[in-house]
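Work through the exercises below with the structure in view. Each task is followed by a solution in steps.

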Amino acid sequence: MTDEATAAPPGAVKKFMYINRRAPHGGNYAQEGLEVALIGAAFDQEVSLAFIDDGVFQLKTGQDTAAAGLKNFTAAFAALGDYEVKRIYVEAESLARRGLTADDLMPLMYEDEDDDYAEKPLIEIIGKDALADLIERQDVLLNF
Amino acid sequence: MLLHTVNKSPFEKNSLDTCLRLSAPGSCILLIEDGVYAALAGGAFAAQLQDGMRARKLYAIDADLQARGLDPAGLIDGVEVIDYRGFVELATRCDQVQSWF
């Protein structure tokens, strides 16, 4: 709905941000958010994901849902890099408030085709002001 | 410029807190549904909301206030009470709407 977006020709690449604010296994939001993000990326849009509030728990290492009888969809986060998703933003304040650090998050990587396919980290931890600025500059915001 | 909407009571969920943290200065915040409870002058979120309003404009929907028995006179200073038509006008003035729920 931005001016740029409405003026863009059909088929133009838009900036999509998927905002994830829920913990992974207490409801359907998290899994559906990931599925929709993968679909958006498959359509060659510029896709990023932001993890805010309890959403940061989605990226926690070592999730084992077997005993709880749940499907561990979070393993699919590792596929995001293959779908040309190059940015996963984690809000620093949300992480700190939950006693987590970068070491608690999955070591997700992508191959940068513009840099001889060098493996680079997908997750970037950023502060609230920088994230607010990024949110402001998206064409499409989708919330989960 | 974004229009941010908050539709949950701040006493129940963190939607308002996160909205204030992640809305850029200059943006608009509209309280709808249970979100309007945040604007009570004597409430626990009055100070935080007023702090956020230094750089943002705050609105609340009249029908949602009325439905909950809240008198606009009992809200913190500076909240602009609007109707649904005002909501639409506000949305058209903004690049897009981000809902915190």
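Predicted model: local features only at pLDDT ≥ 70, side-chain atom pairs only at ≥ 80, totals over all residues.

Residues are numbered from 1 along each chain as its sequence is written, chains are lettered from A and ligands numbered from 1 in the order in which they are written, and side-chain values use heavy atoms, with hydrogens and water left out.

**Exercise 1.** Describe the interface of chain A and chain B.

Step 1. Contact (heavy atoms within 4.5 Å) involves 23 residues from chain A and 18 residues from chain B.

Step 2. The rule for a salt bridge asks for a side-chain nitrogen of Lys or Arg within 4 Å of a carboxyl oxygen of Asp or Glu. Glu91(A) and Arg21(B) form a salt bridge at 2.7 Å, N to O.

**Exercise 2.** Find how many disulfides the whole structure has, and examine Cys19(B) and Cys28(B).

Step 1. A disulfide is a covalent bond between the sulfur atoms of two cysteines; the cut-off is a pair of cysteine sulfur atoms within 2.5 Å.

Step 2. For Cys19(B), the nearest cysteine sulfur is that of Cys28(B), 11 Å away. Cys19(B) has 0% relative accessibility and counts as buried (under 20% relative accessible area; exposed is over 50%, partly exposed in between; 1.4 Å probe, protein chains only).

Step 3. The sulfur of Cys28(B) lies 4.6 Å from that of Cys94(B), its closest cysteine sulfur, which is too far for a bond. Cys28(B), at 5% relative accessibility, is also buried.
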